[in-house]
Amino acid sequence: MNIEASIKEFVDFVLVESGEEGDLGLLLGHLDKLPIIVSSAKFTFDEKEYGDAPNNDYKTIRSKVESRFPKIGYYNTVLEISENLESTRISVGDAVDDLADILGDLIDVLWYFENTSEDDALWHLEQSYISHWGLHLRNLQLYLHDLWW
């Protein structure tokens, strides 16, 4: 599996093919592939010091997501999924924000592929998944599953 090409395919599906309303079923399929991509990322930690990816324009990414997928929006989610099992609090998630955050982190990973090393890019992929966009992904998948099916 070419991880860089797979990430680019996802980013292009959402951002480049934005001339028409996006198919939620296709989006779900693309999202389902992302954890597989992360779990297949094998790397050796690169000790070299590299610069950080440039900041993404969140507003632009969010605007493109909104125009590509106008049917997605807010949804219910729980705050403590593994604690307070009978008394957890309900919160509101934002599918557009989820997708924009996933895209922003994956655009960063593509930058690392192009400007640092493959090992460094794969490390950023794994770390950003664990610390940030993995939870956005799982919440978004659940919401879209309910919306689509």
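1. K71 has a relative accessibility of 59%, so K71 counts as exposed. The residue sits in the loop between helix 3 and strand 1. Helices (H or I, at least four residues) and strands (E, at least two) are DSSP runs, numbered from the N terminus.

2. Two remarks on the source apply throughout. The model is predicted, and local features need pLDDT of at least 70, side-chain atom pairs count only at pLDDT 80 or more, and totals for chains, interfaces and linings use all residues. Residues are numbered from 1 along each chain as its sequence is written, and side-chain values use heavy atoms, with hydrogens and water left out.

3. More on K71. Leaving aside residues up to four places away in sequence, K71 touches E21, L24, Y143 and L147, where contact means heavy atoms within 4.5 Å. K71 and D94 are 23 residues apart along the chain, and their C-alpha atoms are separated by 12 Å.

4. Helix 2 against helix 5. Two packed helices are described by the angle between their axes and the distance between the axes. Here the axes are lines fitted to C-alpha atoms, for helices over the stretch in contact, and angles run from 0 to 180 degrees between N-to-C directions. Helix 2 packs on helix 5 (residues 118-148) at an angle of about 150°, and the axes are 10 Å apart. The two helices are therefore roughly antiparallel to each other; the classes are under 35 degrees for roughly parallel, over 145 for roughly antiparallel, 65 to 115 for roughly perpendicular, and oblique for the rest. The crossing of helix 2 and helix 5 is left-handed, meaning that the near helix is turned anticlockwise from the far one by less than a right angle (clockwise would be right-handed). On the helix 2 side the contact includes L24, L27, L31 and L34, and on the helix 5 side Y129, W133, L137 and W148 are among the residues involved. The contact residues divide into 16 nonpolar, three polar and three charged. In this count Ala, Val, Leu, Ile, Met, Phe, Trp, Tyr, Cys and Pro are nonpolar, Asp, Glu, Lys and Arg are charged, and the others, Gly among them, are polar.

5. Helix 4 against helix 5. Helix 4 (residues 95-115) packs on helix 5 at an angle of about 170°, with axes 9 Å apart. Helix 4 and helix 5 are therefore roughly antiparallel to each other. Their contact residues comprise 14 nonpolar, five polar and six charged.

6. Helix 2 against helix 4. The angle between these helices is about 50° and their axes are 13 Å apart. That makes helix 2 oblique to helix 4. The crossing of helix 2 and helix 4 is left-handed. L27, L31 and L34 of helix 2 meet L99, I102 and L106 of helix 4. This contact has six nonpolar residues, no polar and no charged.

7. The strand pair. Strand 1 (residues 74-78) has Y75 and T77 on its covered face, and Y74, N76 and V78 on the uncovered one. In a regular strand the side chains alternate between the two faces of the sheet. Strand 1 pairs with strand 2 (residues 90-94) in the antiparallel sense over five bridges; strands pair if DSSP finds at least two bridges between them.

8. N76. This residue of strand 1 counts as exposed, at 63% relative accessibility. The bridge partner of N76 in strand 2 is V92, while N76 touches I90 and S91, not counting residues up to four places away in sequence. N76 and N139 lie 63 residues apart in sequence and 9.5 Å apart in space, C-alpha to C-alpha.

9. N84 has a positive phi of about 50° although it is not a glycine. Most residues other than glycine have a negative phi, and most peptide bonds are trans. N84 is partly exposed, with a relative accessible area of 42%, whereas S87 counts as exposed at 54% relative accessibility. The C-alpha atoms of S87 and I36 are separated by 33 Å, the two residues being 51 apart along the chain.

10. F45. The loop between helix 2 (24-39) and helix 3 (58-68) holds F45, which is partly exposed at a relative accessible area of 46%. F45 and D120 are 75 residues apart in sequence and 6.8 Å apart in space, C-alpha to C-alpha.

Note on methods: Buried < 20%, exposed > 50% of the residue type's maximum accessible area, 1.4 Å probe, protein only.
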